[in-house]
Amino acid sequence: MTIVSLRAVIAATEAYCALVPGALQAPTRPRHLADARHLAQALSRRLTTATDRQIGRALGGLDHRAVAYGAEKVERLLP
């Protein structure tokens, strides 16, 4: 498996969710951004070697527990 950067995962998630660049790092928490953040967290865990703390920092300063929750939420929704 190829390891990708957090920056690449975030940019791809923003593009997929039709968000402006930098939207996932914004301090606001509307539902559409929260869902996109959860997706980015799950992808970051799978595709990078970053820790939950590093992922949280890259996504606007989220706590590592918030990253774990978001990633686990997406994993539960996958078939």
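Helix axes are lines fitted to C-alpha atoms, for helices over the stretch in contact. All views show a predicted model.

**View 1. Packing of helix H2 on helix H4.** Helix H2 covers residues 31-47 and helix H4 covers residues 64-77. Their axes lie 8 Å apart and form an angle of about 90°. Angles of 65 to 115 degrees count as roughly perpendicular, and H2 and H4 are therefore roughly perpendicular to each other.

**View 2. Residues at the contact of H2 with H4.** From H2, the contributors include Arg31, Asp35, His38, Leu39, Arg45 and Arg46. From H4, they include Val67, Tyr69, Glu72, Lys73, Val74 and Glu75. By class, the contact comprises 8 nonpolar, 3 polar and 7 charged residues.

**View 3. Helix H2 and its buried residues.** The 17 residues of H2 should span 24 Å at 1.5 Å a residue, and this agrees with its end C-alpha atoms, which are 24 Å apart. Buried in H2 are Leu33, Ala34, Ala36, Arg37, His38, Ala40, Gln41, Ala42 and Ser44. These buried residues pack against helix H1 (6-16), H3 and H4.

View 4. At the start of H4, a side-chain oxygen of Asp63 comes within 2.8 Å of the backbone nitrogen of Arg65.

Notes: Residues numbered from 1 in each chain as written. Predicted model: local features only at pLDDT ≥ 70, side-chain atom pairs only at ≥ 80, totals over all residues. Heavy atoms only, no water. Axes fitted to C-alpha atoms, helices over the stretch in contact; angles between N-to-C directions. Helix = DSSP H or I, 4+ residues; strand = E, 2+ residues; numbered from the N terminus. Parallel < 35°, antiparallel > 145°, perpendicular 65-115°, else oblique. Contact = heavy atoms within 4.5 Å. Nonpolar A, V, L, I, M, F, W, Y, C, P; charged D, E, K, R; others polar. Polar contact = N/O pair within 3.5 Å; in protein donor to acceptor, adjacent residues only side chain to side chain. Expected span 1.5 Å × (residues − 1). Buried < 20%, exposed > 50% of the residue type's maximum accessible area, 1.4 Å probe, protein only.
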